[in-house]
Amino acid sequence: MIRTNIFPTLGLAGFVGLVATTWLAAPAEAHIPHDVVELVALSPAYSDDHTLLAAVRLDAHPLLARSTDRGRTWQVFGSSLLEFRPSAILFSPDYARAATVYVATRGGGVWRSADGGMHFAPIAAGLGNLM
């Protein structure tokens with residue numbers, strides 16, 4: 001089951017607005033017990049840019065992957081936050097122009113990318129476990 005939530009964001013680095021996030025209700029396991037897709041998020045401009053971000057676990061190693069062709073091919077990005085498991089992936093509503101992505105992690109705070117997910121930097125270190 002795929003579920004979409006829309007919720008307000010308040011004060012995240014001065015960003016205020018409504019954000020939609022989409023994820024799989026239960027992890028999809030390609031090769032049990034490894035290769036698990038934990039989260040999937042669609043760009044707010046998905047119909048135009050075909051961009052998806054996914055948090056995956058390959059042999060217990062958390063990775064962030066991006067597709068710009070509707071999921072046909074994937075590239076691994078965000079290597080700076082690989083030691084933390086993502087708990088949420090959020091695209092800025094202005095992603096088509098600004099290419100800003102936020103990732104909340106379990107134990108590693110909130111991270112931001114200004115280049116569509118290729119590089120991340122912590123913006124809220126010390127928040128601890130967010131989920």
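A: Happy to. Accessible areas here come from the Shrake-Rupley method with a 1.4 Å probe, and for residues only the protein chains shown count as cover. On that basis the chain exposes about 7,100 Å², with carbon and sulfur atoms supplying 58% of it. Please keep in mind that this is a predicted model, in which local features need pLDDT of at least 70 and side-chain atom pairs count only at pLDDT 80 or more, while totals for chains, interfaces and linings use all residues. Residues are numbered from 1 along each chain as its sequence is written, and side-chain values use heavy atoms, with hydrogens and water left out.

First, the setting. The chain has two helices and eleven strands (DSSP runs numbered from the N terminus: helices are H or I with at least four residues, strands are E with at least two). Along the sequence they follow the pattern β-β-β-β-α-β-β-β-β-α-β-β-β. Of the 131 residues in the chain, 43% are buried; buried means under 20% relative accessible area, exposed over 50%, and partly exposed in between (1.4 Å probe, protein chains only).

Now to your aromatic pairs. A search of the whole structure finds two. Rings of Phe, Tyr and Trp (its six-membered ring) pair if their centres lie within 6.5 Å; planes under 30 degrees apart count as stacked, over 60 as edge-to-face and the rest as tilted. Phe-84 and Trp-111 have ring centres 6.0 Å apart and planes at 45°, so this pair is tilted. The pair links distant parts of the chain, 27 residues apart: Phe-84 sits in the loop between β7 (75-77) and β8, and Trp-111 in strand β10 (residues 110-113). Both Phe-84 and Trp-111 are buried.

The other pair, Phe-91 with Tyr-95, is edge-to-face, at 4.8 Å centre to centre and 85° between the planes. Phe-91 is buried because its relative accessibility is 3%, and Tyr-95 is buried with a relative accessible area of 7%.

Phe-91 also leads us into the largest nonpolar core, which has 13 residues; Phe-91 is among those with the most contacts inside it, along with Leu-64, Ile-89, Val-101, Val-103 and Phe-120. (Such a core is a set of buried Ala, Val, Leu, Ile, Met, Phe, Trp, Tyr and Cys residues joined through side-chain atoms within 4.5 Å.) The elements giving two or more residues to this core are β4 (34-42), β5 (52-58), β8 (85-91) and β9 (101-106). Apart from it lies another core, of five residues, including Val-40, Leu-52, Val-56 and Leu-63.

Charged pairs complete the view. The whole structure holds two salt bridges, each a side-chain nitrogen of Lys or Arg within 4 Å of a carboxyl oxygen of Asp or Glu. In one of them, Arg-85 meets Glu-38, with the closest N and O atoms 2.2 Å apart. This pair, too, links distant parts of the chain: Arg-85 is in strand β8 and Glu-38 in strand β4, 47 residues apart. Arg-85 is partly exposed, at 33% relative accessible area, whereas Glu-38 counts as buried at 10%. Asp-94 forms a salt bridge with Arg-97, and there the closest N and O atoms are 2.6 Å apart. Asp-94 counts as partly exposed at 32% relative accessibility, while Arg-97 is exposed at 67%.
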